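These notebook entries record what I looked up about side-chain contacts. The coordinates come first, and the entries follow.

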Amino acid sequence: MNAPSRHHPQQRRRDLLVAGACGAFAACMVGMAFAAVPLYNWFCRATGFGGTPQVATAAPRNVLDRRILVRFDANVAAGLPWRFEPEQPAIEVRVGDVVTVNYVVTNLSAQATVGQASYNVWPPTVGAYFSKINCFCFTEQRFAPGETRDMPVVFFVDPELVKDSEHDDLTSITLSYTMYPVRQAEPPRVERGGATTPGRS
């Protein structure tokens with residue numbers, strides 16, 4: 001019969017350290033996964049990456065004679081019973097001019113629903129020069145049954161665009177929105193005797 005190994009306690013400590021390191025790594029990866037979406041959104045808004053428009057607080061100082069056709073696109077993801085469309089399919093704008101257009105949303109269901117928009121522009125390289133002063137894309141939108149609402153977008157094409165030779169031949173831009181359903185927590189259920197239990201998610 002073999003004698004117990006003197007290194008058994010040391011081996012056990014090493015195993016515990018390895019297990020602890022793996023657990024910490026897994027927790028870190030989960031945290032990074034949850035942080036990835038807001039960080040990616042912030043990066044896109046800051047740089048225009050992937051056709052993400054910029055956010056502006058004021059109009060540019062000058063308006064140019066150059067004109068660009070801006071087309072408007074609207075989409076609704078599966079699971080959201082909305083009709084979503086621009087009031088007009090396209091508009092010609094001067095570079096630097098502040099323009100307001102409306103999208104129209106109708107809740108086609110018999111119950112209140114909530115949605116939120118994602119957006120981008122095409123071609124993607126124009127994202128750095130397409131600026132929005134006001135839009136509906138940063139907040140959840142709650143609609144009553146059958147409700148119809150005009151949702152304005154205020155934007156301009158930055159005059160800095162003309163300094164970028166890559167866009168010398170640019171004649172049109174497409175602004176595209178997609179509405180996604182936002183899942184709402186169910187209210188607590190009231191059990192017999194007055195006790196409440198959380199709703200299922």
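I looked up D97 first: its relative accessibility is 27%, so it counts as partly exposed (buried is under 20% relative accessible area, exposed over 50%, partly exposed in between, with a 1.4 Å probe and protein chains only). I note that this is a predicted model, in which local features need pLDDT of at least 70 and side-chain atom pairs count only at pLDDT 80 or more, while totals for chains, interfaces and linings use all residues. Residues are numbered from 1 along each chain as its sequence is written, and side-chain values use heavy atoms, with hydrogens and water left out.

Entry on salt bridges. I searched the whole structure and found 3 salt bridges (a side-chain nitrogen of Lys or Arg within 4 Å of a carboxyl oxygen of Asp or Glu). D97 is joined to R94 at 3.8 Å, N to O; R94 is partly exposed at 31%. R149 meets E147 at 3.0 Å, and these two are partly exposed, R149 at 24% and E147 at 25%. K163 pairs with E160 at 3.2 Å; K163 is exposed at 65%, whereas E160 is partly exposed at 39%.

Entry on the disulfide. I found 1 disulfide in the whole structure (a pair of cysteine sulfur atoms within 2.5 Å). The sulfur atoms of C135 and C137 lie 2.2 Å apart, and the link is left-handed, with -45° about the S-S bond. Both cysteines, C135 and C137, are buried.

Entry on aromatic rings. I counted 10 aromatic pairs (ring centres of Phe, Tyr and Trp, the last by its six-membered ring, within 6.5 Å; planes under 30 degrees apart are stacked, over 60 edge-to-face, the rest tilted). One of them, W82 with F143, is tilted, at 4.7 Å centre to centre and 55° between the planes. This pair links strand β3 (residues 82–86) to strand β8 (residues 141–143), its members being 61 residues apart; strands (E, at least two residues) are DSSP runs, numbered from the N terminus. W82 is buried at 5%, and F143 is buried at 0%. Y103 and Y177 have ring centres 5.0 Å apart and planes at 75°, so I recorded the pair as edge-to-face. I also noted that F72, F84, Y103, Y119, F130, F136, F155 and Y177 form one aromatic cluster.

Entry on charges over rings. I applied the rule that NZ of Lys or CZ of Arg be within 6 Å of the ring centre and within 35 degrees of the ring normal. K132 sits over Y119, 3.4 Å from the ring centre, and R149 lies over the face of F143 at 3.9 Å.

Conventions. Helices (H or I, at least four residues) and strands (E, at least two) are DSSP runs, numbered from the N terminus.
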